[in-house]
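Please look over the model shown here before reading on.

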Amino acid sequence: MNARLLAKRLTLSAITLLLLSAVVFAAGQLLPGDVGRSILGPLADARAVAALNHQLGTDQPALTMYLHWLGNLLRGDMGQSYAFRSPVAPFIGHALLKSLALAAMAAVIVVPTAIAAGVFAALRVGSWQDRLITLGGLSLTIVPEFVSGIILILILGVWLRWLPISANTRPGTGVMEQARHLILPALPLVLLLFGYIARIARAGMLDALESDYTRTARLKGISPSQVLLRHVLRNALLPTITVVATQTSYLIGGLVVVETLFRYQGIGSLILTAARDKDFPMLEAGILVVGAAYVLSNVVADLLIGVLDPRVAMSRR
Amino acid sequence: MSVLEAPIAQPAVWRMPRMVARLLQSPGFLVGFGILLFWAICAVFGPSLVPYSPYRDDLMNALAPPSAAHWFGTDQIGRDIFSRIIAGARPILSVAPAATLLATVCGTTLGLIAGYAGGWVDNVLSRLIEVILALPLIVVALLVLVALGPSSINVMVVIALVFTPIIARTVRSAVLSECALDYMAAAQLRDEGALHIMFVEILPNILPPILVEVTVRLGYAIFTIASLSFLGFGIQPPSPDWGLAIAENYGLIVGGYWWTVGFAAMATASLVIGVNLLAEGLQSALSS
């Protein structure tokens, strides 16, 4: 990918984020009732409510409020939480780190297993193993995370007692033990993503196996394992990278549910708590961070493909 | 090769009987259809067939394990879980199909216009889909439901709103490939009106891809509505909805009361997998 293409890609991402911020802000304006009243409760003095509204800036026209909010965001100020009466940013930062740990655990498990399953299915195309991986994987992607989560908790946590049910650990617990507590919460996300990644890896493999360059490599007399490693896999896995990136959106959606089920204080449960409390500054910031994470992961995927694909790398010179 | 031997691109309506025959031979489709039929019967007749009222509490019998009297046990306030599972098919199987149907009607109309007429409708549609796909569906739904307040109607509207452009995109691309066929040229030569061409000529021929998209969307609608109910923003208590049942009882897992959530989880999983098998069967039968 050349610099001009990258610049164009970043501009488009910025526009998507700007549109997103407008949509998120507009939804906040739909909320009935005034903010000061809902914070102070129905018994509070009308003057106190008006004073709080003035202090929070919620008594100004919508466009002024939006521009003000956007300007603050660009300076890194995400506003004050209505529920906690303190800046939003530290909450978001803390929750984001916890969610990243959970997402990383899910990715570490799902990416290698799904790619391996997809490659295996492609090498035995049409067999019962192939059908099991394809159809089974696809069926799992549509089972809601809280449903697979409950079933996994019952089997692995309660019945077999292999894994701890709780995602949270006492302060001072070692890193390995903390990671072990994240396995069970990560598994519903793994099941959600497995089918898509395996399917794309399988399709990429099939394309590469039938290609001219693979035939040429075979005819040159290179050993089958070398053909597979150096010619087929490298080309087959490129589309898989793009899919892993676009699945980030599902992953984050899944975090809301999984973090609630396992009572884990990540960005997903932060968004849900903010939604329950009608804490709009927190909700808006949380959703924007989620959107930014999605856009960013897509840009990173484009860059990765540029690095890995010699044809794209070639056009840069 | 003589002119007579040239392959003729047949409109899809002519191929319908063969498609149905192929569907009836697909085991995946039949299993999926069977599961959906079972839950549909529960949704329609269930509440009048069950041994106990799904709403009647019995605090003396709270958290009783599965037994001859209560096949699936009882929940925290002694309601019969078997009755609630059977009756629980109704809320999810009314909201999800209603949302899918609404999105199909709006999406098909938009897609026909965008594909046949093109122009600004086409451009607006593409931008809209991009923004919608940048956020997880659950998060979009949460945002709107916080603003509008959670209720079954609002959930239905939100899901329909998000699915409309996605269905429109499928319909649009189907319309574009139909426009190249001979019957379209014939209809235009006969000087038919745009509305007639869109709804009488094109629509019957793009029904197969629409049908596949609708079953796929139905699966996602069930997925999303169940998740929203679990989070407290979907179907509201005291409904016997499965997602809601899991939300109310999952804190009890540690105590060993597996039946309060296990059966609801199995019911939800069977329904979504059934719809998915149905969609997969339709797709492979109709696309070839």
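**Helix packing, chains and interface**

In this predicted model, helix α8 (residues 175-209) of chain A and helix α11 (residues 238-246) of chain A pack with their axes 8 Å apart and at an angle of about 160 degrees, where helices are DSSP runs of H or I with at least four residues, strands are runs of E with at least two, and both are numbered from the N terminus. The axes are lines fitted to C-alpha atoms, for helices over the stretch in contact, and the angles run from 0 to 180 degrees between N-to-C directions. The pair α8(A) and α11(A) is therefore roughly antiparallel, given that angles over 145 degrees count as roughly antiparallel, those under 35 as roughly parallel, those from 65 to 115 as roughly perpendicular, and the rest as oblique. The crossing of α8(A) and α11(A) is right-handed; a crossing has this hand if the near helix is turned clockwise from the far one by less than a right angle, and is left-handed if the turn is anticlockwise.

On the α8(A) side, the residues that meet α11(A) are A:Y196, A:I197, A:I200, A:A201 and A:G204, and their partners in α11(A) are A:L238, A:P239, A:T240, A:V243 and A:V244, a contact being two residues whose C-beta atoms, placed from the backbone, lie within 7 Å. By class, this contact of α8(A) with α11(A) holds eight nonpolar residues, two polar ones and no charged ones, with Ala, Val, Leu, Ile, Met, Phe, Trp, Tyr, Cys and Pro counted as nonpolar, Asp, Glu, Lys and Arg as charged, and the others, Gly among them, as polar.

Helix α8(A) also packs with α7(A): the two axes come within 9 Å and cross at roughly 130 degrees, which makes α7(A) oblique to α8(A). The crossing in which α7(A) passes α8(A) is right-handed. From α7(A), the residues A:E145, A:S148, A:G149, A:L152, A:I153, A:L156 and A:G157 meet A:L184, A:L187, A:P188, A:L189, A:L191 and A:L192 of α8(A), and the residues of this contact divide into nine nonpolar, three polar and one charged.

A:E259, which is found in helix α12 of chain A, is buried because 25 other C-beta atoms lie within 10 Å, where 20 or more count as buried, 12 or fewer as exposed, and numbers in between as partly exposed, with C-beta atoms placed from the backbone. Leaving aside residues up to four places away in sequence, A:E259 touches A:Y264, A:G266, A:G268 and A:S269, and the C-alpha atoms of A:E259 and A:P185, 74 residues apart in sequence, are 7.7 Å apart in space. A:L73, in helix α4 (residues 62-74) of chain A, counts as partly exposed because it has 15 C-beta neighbours inside 10 Å, and A:L73 and A:A285 are 212 residues apart in sequence but 8.7 Å apart from C-alpha to C-alpha.

Taken as a whole, chain A has 15 helices and zero strands, and its C-alpha atoms fill a box of roughly 85 × 55 × 35 Å along the principal axes. Buried residues make up 37% of the 317 residues in chain A.

Where do the chains meet? In total, 40 residues of chain A are in contact with 36 residues of chain B. Helices α1 (3-30), α6 (128-141), α7 (145-159), α12 (248-261), α13 (267-277) and α14 (280-308) of chain A each supply at least two residues of the side that touches chain B, and the largest share, eight residues, comes from α12(A). This side of chain A divides into 33 nonpolar residues, six polar and one charged.

As to confidence, the model scores ipTM 0.84 and pTM 0.86. Chain B averages a pLDDT of 86, with 93% of its residues scoring at least 70, pLDDT being the predictor's confidence in each residue on a scale from 0 to 100. Within chain B, confidence is lowest in helix α5 (residues 120-133), at a mean of 72, and highest in helix α10 (residues 207-231), at 93. Where pLDDT is low, the predicted coordinates should not be read in detail.

Residues are numbered from 1 along each chain as its sequence is written, and chains are lettered from A and ligands numbered from 1 in the order in which they are written. Because this is a predicted model, local features need pLDDT of at least 70 and side-chain atom pairs count only at pLDDT 80 or more, whereas totals for chains, interfaces and linings use all residues.
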